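I opened a new page for this chain.

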Amino acid sequence: MLKIKKIIKKDTLLYDILGQEEIMVNSFHNYHSEDNNIFKVNAISEDNIIEGIELSDKKFILGVQWHPESMIDSAPNMKQLFFALVRYAKVN
């Protein structure tokens with residue numbers, strides 16, 4: 001497992017949840033998505049690979065290209081992703 005720095009874009013749901021512009025996360029993948037103007041890119045790697053997406057016109061559609069569930073003990077801010085999902089589910 002690699003640890004990779006991700007850059008979180010400020011005007012995104014992901015930034016609103018994590019409150020950080022840079023995070024170190026695990027990386028297991030070999031594939032990535034290309035920007036297709038359907039989703040909003042919310043995170044990129046240092047080499048400009050898309051690492052997170054969301055749909056702004058929906059209530060809670062958020063995807064990340066890392067495994068926050070395996071980082072809960074080592075990176076407490078990853079819990080915020082799960083807490084946000086639960087909050088949105090309760091409201092909607």
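Entry 1: I call a residue buried when its relative accessible area is under 20%, exposed when it is over 50%, and partly exposed in between. I also note that this is a predicted model. Is Lys 6 buried or exposed? I looked up its relative accessible area and found 0%, so Lys 6 is buried. I placed Lys 6 in strand β1, which covers residues 2-8. Next I asked which side chain makes a polar contact with the side chain of Lys 6. The partner is the side chain of Glu 51, at 3.0 Å.

**Entry 2: salt bridges.** Side chains of opposite charge can pair when their charged atoms come close. How many salt bridges are there? I count five. I followed up some of them.

I began with Glu 22 and Lys 5, whose side chains form a salt bridge with an N to O distance of 3.6 Å. Glu 22 belongs to strand β2 (residues 22-27) and Lys 5 to strand β1, so this pair ties together parts 17 residues apart in sequence. Glu 22 has 45% relative accessibility and counts as partly exposed. Lys 5 has 24%, and it also counts as partly exposed.

I then turned to Glu 46, which forms a salt bridge with Lys 5. The closest N and O atoms of this pair are 3.3 Å apart. Glu 46 sits in the loop between β3 (40-45) and β4 (50-54), Lys 5 in strand β1, and the two are 41 residues apart. With a relative accessible area of 54%, Glu 46 is exposed.

Another pair I looked up is Lys 10 with Glu 21, a salt bridge at 3.6 Å, N to O. Here the pair links distant parts of the chain, eleven residues apart: Lys 10 is in the loop between β1 and α1 (13-18), and Glu 21 is in the loop between α1 and β2. I read 42% relative accessible area for Glu 21, so I logged Glu 21 as partly exposed.

**Entry 3: the core.** Which residues have the most contacts inside the largest nonpolar core? I found Leu 14, Ile 23, Trp 66 and Met 78, in a core of 14 residues. I noted that α1, β2 and α2 (79-91) each supply at least two residues of this core. The largest share, four residues, comes from α1.

I listed the contacts of Leu 14, leaving out residues up to four places away in sequence. Among them are Ile 8, Ala 43, Leu 62, Val 64, Trp 66 and Leu 81. Leu 14 also touches Gly 19, Asn 42 and Glu 54.

**Entry 4: a serine in a loop.** Where does Ser 70 lie? I found Ser 70 in the loop between β5 (62-64) and α2. Its relative accessible area is 46%, so I logged Ser 70 as partly exposed. A polar atom of the Ser 70 side chain lies 3.0 Å from the backbone oxygen of His 67. I also checked Ser 70 against Val 25, 45 residues apart along the chain. Their C-alpha atoms are separated by 9.9 Å.

Definitions and conventions: Residues are numbered from 1 along each chain as its sequence is written. This is a predicted model: local features need pLDDT of at least 70, side-chain atom pairs count only at pLDDT 80 or more; totals for chains, interfaces and linings use all residues. Side-chain values use heavy atoms; hydrogens and water are left out. Buried means under 20% relative accessible area, exposed over 50%, partly exposed in between (1.4 Å probe, protein chains only). A polar contact is a pair of N or O atoms within 3.5 Å; within protein, one must be able to donate a hydrogen and the other to accept it, and residues adjacent in sequence count only if both atoms are side-chain atoms. A salt bridge is a side-chain nitrogen of Lys or Arg within 4 Å of a carboxyl oxygen of Asp or Glu. A nonpolar core is a set of buried Ala, Val, Leu, Ile, Met, Phe, Trp, Tyr and Cys residues joined through side-chain atoms within 4.5 Å. Contact means heavy atoms within 4.5 Å.
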